[in-house]
Amino acid sequence: VFFFFFFFFFFARSNASTRKSHKSSQLMNAGSLMIPKERLVVTRRDNTIGDVATQMLGASVGSCPVLGDAGEPVGILALSDLVRAAYGEPRRGPETAVGELQEAVLVMVRDTDSIDHVSEVLVEHHIHHVLVVNSDGHFVGIVSSWDLARAHFKTSRKS
C-alpha cells in the first residue's frame, strides 16, 4: 500500500517525460476530481456495518463517509475497516454500529486544493480516500487514490 503511494508520489514529481503533464495537473484541483456527495454511499454512526457493507459492496466503493446529525462528516469507513471487523481481533458481527469502527482521525482537503496537495495528504496519512469540503467547511465529496492515478495517467497520455 505504502509502496503504491510512494511510487505515485515520486513518479509524479521526478519523471522528466511527464513534466509537461505535471504542469497541466497543477490546473486541476480536488473539486474537479472528486466524486460529489450526491453520488456516494454515505452512512451514520448508528447504522450497522452489515447494512453499510451491503451498500458498499453493491455499489463497488472502497469507502463510505460517516455523517453526523447535521450532515457534517464525522468519519470515514473503509472496506479495510470491514475486513478488520470480520477477521481481526476482536471479531465483530454485522450488527456492530458504524461508530465503533469509523476512522478516528478525520482528514479533509478543500475543493480548491491542488491535486498535488491532495496526493501529499494521502501519502502523509497513509490513506486511500480523503473527504473534500468547500470554503464554508461543508462536505461536498471525496477523492481517492484511484481518482488521482486516473487523472495523472490520463493527462500523461495526452502529452
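Predicted model: local features only at pLDDT ≥ 70, side-chain atom pairs only at ≥ 80, totals over all residues.
**Strand β3**

I started with burial along β3, residues 63-67. Five of the five residues come out buried, so the strand is largely enclosed by the rest of the structure. Buried here means under 20% relative accessible area. Then I checked which way the residues point. Ser63, Pro65 and Leu67 go one way, Cys64 and Val66 go the other, and all are buried.

**Neighbours of β3**

Next I looked up the pairing. With β2 (residues 43-44), β3 pairs in the parallel sense, over two bridges. I noted Val66 in β3 as the bridge partner of Thr43. With β4 (residues 73-78) the run is antiparallel, and I get five bridges. Here Pro65 stands opposite Ile76 of β4.

**Second largest pocket**

I moved on to the second largest pocket, which holds about 210 Å³ of space. I find 13 residues lining it, with Ile35, Val61, Gly62, His129 and Ser144 lying nearest its centre.

Which elements supply the lining? β7 (139-144) and α7 (145-158) each give at least two residues. The largest share is from α7, with three residues.

Last, I sorted the lining by residue class: six nonpolar, five polar and two charged.

Technical notes: Residues numbered from 1 in each chain as written. Heavy atoms only, no water. Buried < 20%, exposed > 50% of the residue type's maximum accessible area, 1.4 Å probe, protein only. Helix = DSSP H or I, 4+ residues; strand = E, 2+ residues; numbered from the N terminus. Pairing = 2+ DSSP bridges. 1 Å grid on protein atoms, 1.4 Å probe; cavity = no way out; pocket = protein on both sides within 12 Å on 5 of 7 lines; lining within 4 Å. Points joined across faces, edges and corners; volume = space filled by probe spheres on them. Nonpolar A, V, L, I, M, F, W, Y, C, P; charged D, E, K, R; others polar.
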